[in-house]
Amino acid sequence: MEVRSLGGTNVAWDFVELPSQIMENWCWERQCLDMFARHWQTDQTIPEDLFAKLTRARTYRAANGMMRQLGFAAVDLVMHVDLQPGTEADVMETARKVLAEHAPAPLPDDYGMIASFGHLFGHAVGYAAGYYSYKWAEVLDADAFTRFRDEGLFNPEVGAQFRDRILSQGDSRDPMELYKDFMGREPSVQPLLERAGLA
C-alpha cells in the first residue's frame, strides 16, 4: 500500500487484528510447531503426550472466556450507543445487569468492574462501541485460517492470495470485500466455535 494513510493499522477497527491474530494459528499446528519448538539441549520436539495436554488445555473454560468477552462487548455497546448523556440512567447498575447476563455466577449488587474498564474509559474516545472487534477478529482469523488448514499450512498460492487480497490492500477497499475476495464467501463463526471446543 503506497498511501500511508491507508496502510498498516489504518484499516477498519474490526479488521485490524486479522493479520496478526491469524499467525497464532500456526503455533498450534504440529507440523509448524516441530520446526521451532525444540528442547534447547536435546533438540527434541515436544513429546506427543505433552502436545496433547497443551491442545486439551487450550479449550479449558473456553465458554466462560467467550462469554466474558461477549459481555464486555455488550456493555461497551450499551454504554456508547444506548445510554444518552445527561439522562438519569444508573450507569453502574446498567453495566452490572448487562455483565450479569454473561456471567457464570451471580454478580454482587455492588459489582463495579465497569469503573476500572480501561479499554472503555482510559482514553477520550476509548473503544467507543468497538470492543466487539476483539471477538470479531477471532471469528475472522479462525475462519480465514481454514484455507491454510485445508489447502496446506505452507501452501505458497494461498499465502500469496492472503498477501495480495488482504494484507497489501490496506484500507483501499471495504474489509468485507477483501475478505470475500480471499475466502470466496462471508465469514463463518463455526471455525471459531470448533477451535474453542464449543462445536
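Leaving aside neighbours within four places in sequence, which residues is Lys135 in contact with? The views below start there. This is a predicted model, in which local features need pLDDT of at least 70, side-chain atom pairs count only at pLDDT 80 or more, and totals for chains, interfaces and linings use all residues. Residues are numbered from 1 along each chain as its sequence is written, and side-chain values use heavy atoms, with hydrogens and water left out.

**View 1. Lys135 and its contacts.** Beyond its neighbours within four places in sequence, Lys135 is in contact (heavy atoms within 4.5 Å) with Met66, Gln69, Leu70 and Leu192. Lys135 lies in helix H7; helices are DSSP runs of H or I, at least four residues, numbered from the N terminus. At a relative accessible area of 12%, Lys135 is buried (under 20%; exposed is over 50%, partly exposed in between, with a 1.4 Å probe and protein chains only).

**View 2. The largest nonpolar core.** Among its 17 residues, Leu18, Ile22, Phe148 and Phe182 touch the most other members. Helices H7 (133-151), H8 (156-165) and H9 (175-183) each give two or more residues to this core. A nonpolar core is a set of buried Ala, Val, Leu, Ile, Met, Phe, Trp, Tyr and Cys residues joined through side-chain atoms within 4.5 Å.

**View 3. Around Phe148.** Not counting residues up to four places away in sequence, Phe148 touches Ile22, Trp26, Leu153, Val158, Gly159, Phe162 and Phe182.

**View 4. Leu50 in helix H3.** Leu50 is found in helix H3, residues 48-58, and counts as partly exposed at 40% relative accessibility.
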